[in-house]
Amino acid sequence: MKAHINDIGLAYSDEGQGPPVVFLHAFPLNRTMWVPQVAGLKDRYRVVTIDLRGHGESDAPMWRYTLDQFAEDVHGLLEHLGIAKATFVGLSMGGYILFALYRKSPSLFQCLVLADTRATADTPEAKAARFSMAQIAYRRGASSIADLMLPKLLSPASCEHRADLRGHLRTIIASNQVSGIVDDLMAMEERPDSTPLLSTISVPTLVIGGEEDLASPPEEVEAMAQQIPGSTFVRIPQAGHLSNMENPAAFNAALLSFLTSVGNSNL
Ligand code: MLT
């Protein structure tokens, strides 16, 4: 399905019935990364997955993305769908966007799930790496970004042994338009430090970290969780950065257990 939000076509899926759970994907993927979670939740929840601008079946305008713009797109889509409050799940870049959304509209949040993400801003080295990656995307196209990103997205074991997952991710990444990749990189490079926000988060929060996540190591993710009052941290075994895809059974179990545990008082 596609909705016209903030002057672009935004693609999304809306399946199941029950309390809404909204999923925001990582860079440089799209909403199909959440297929195992849609399957695991749609019997009990209304599950919304979104192709962020620049990704999947959504439009990829050339100019200009910011995390606040992504957050406004999500807010606009929720208004379109008549959803006033939801549980939000964001992985990596999806988590960065949730910080921006929470900063602006905390009343939208029933619960928060942050997976394999970080609150800190980019270091000078990370900013320089974004610029180099953007140059590579311009010169060599989206498939060259797949070569660079796969070893960061998957655990070393999955990278070596899971040709199925590798191939699937390569197809998703290569299908991106260069405008989407480059503008994502610029938006992430400009993001503010959200660390001061952490202690103000007042909704039930689950934080998830893949045990072998090289991009956002679980120790750092756990340290972030410790700054969010009352949050729960779960480490996903046999998983790297894309913990929901590498070990969907453990990811879904953590998510469902969290949603059930807050069920009586919050959903
Ligand atoms: C992601 O998975 O969304 C990226 O690793 C985020 C980033 O590059 O900071």
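1. Helices (H or I, at least four residues) and strands (E, at least two) are DSSP runs, numbered from the N terminus. The model is predicted: local features need pLDDT of at least 70 and side-chain atom pairs count only at pLDDT 80 or more, while totals for chains, interfaces and linings use all residues. Residues are numbered from 1 along each chain as its sequence is written, and side-chain values use heavy atoms, with hydrogens and water left out.

2. Proline 28 sits in the loop between S3 and H1. The peptide bond joining phenylalanine 27 to proline 28 is cis, with omega about -10°. For reference, most residues other than glycine have a negative phi, and most peptide bonds are trans.

3. Around the ligand (a heavy atom within 4 Å) are Ala26, Phe27, Ser92, Met93, Tyr96, Arg130, Met188 and His241. This shell divides into 5 nonpolar, 2 polar and 1 charged.

4. One is 2.7 Å from a side-chain N or O atom of arginine 130. For serine 92, again a side-chain N or O atom, the distance is 3.0 Å; for a polar backbone atom of methionine 93 it is 2.9 Å. The ligand alone exposes 270 Å², of which the protein buries 89% (Shrake-Rupley, 1.4 Å probe).

5. The whole structure holds 5 aromatic pairs (ring centres within 6.5 Å; planes under 30 degrees apart are stacked, over 60 edge-to-face, the rest tilted). In one of them, tryptophan 34 and phenylalanine 251, the ring centres are 6.3 Å apart and the planes at 50°, so the pair is tilted. This pair links distant parts of the chain, 217 residues apart: tryptophan 34 is in the loop between strand S3 (20-24) and helix H1 (35-41), phenylalanine 251 in helix H12 (residues 248-261).

Note on methods. A polar contact is a pair of N or O atoms within 3.5 Å; within protein, one must be able to donate a hydrogen and the other to accept it, and residues adjacent in sequence count only if both atoms are side-chain atoms. Ala, Val, Leu, Ile, Met, Phe, Trp, Tyr, Cys and Pro count as nonpolar, Asp, Glu, Lys and Arg as charged, and the others, Gly among them, as polar. Rings of Phe, Tyr and Trp (its six-membered ring) pair if their centres lie within 6.5 Å; planes under 30 degrees apart count as stacked, over 60 as edge-to-face and the rest as tilted.
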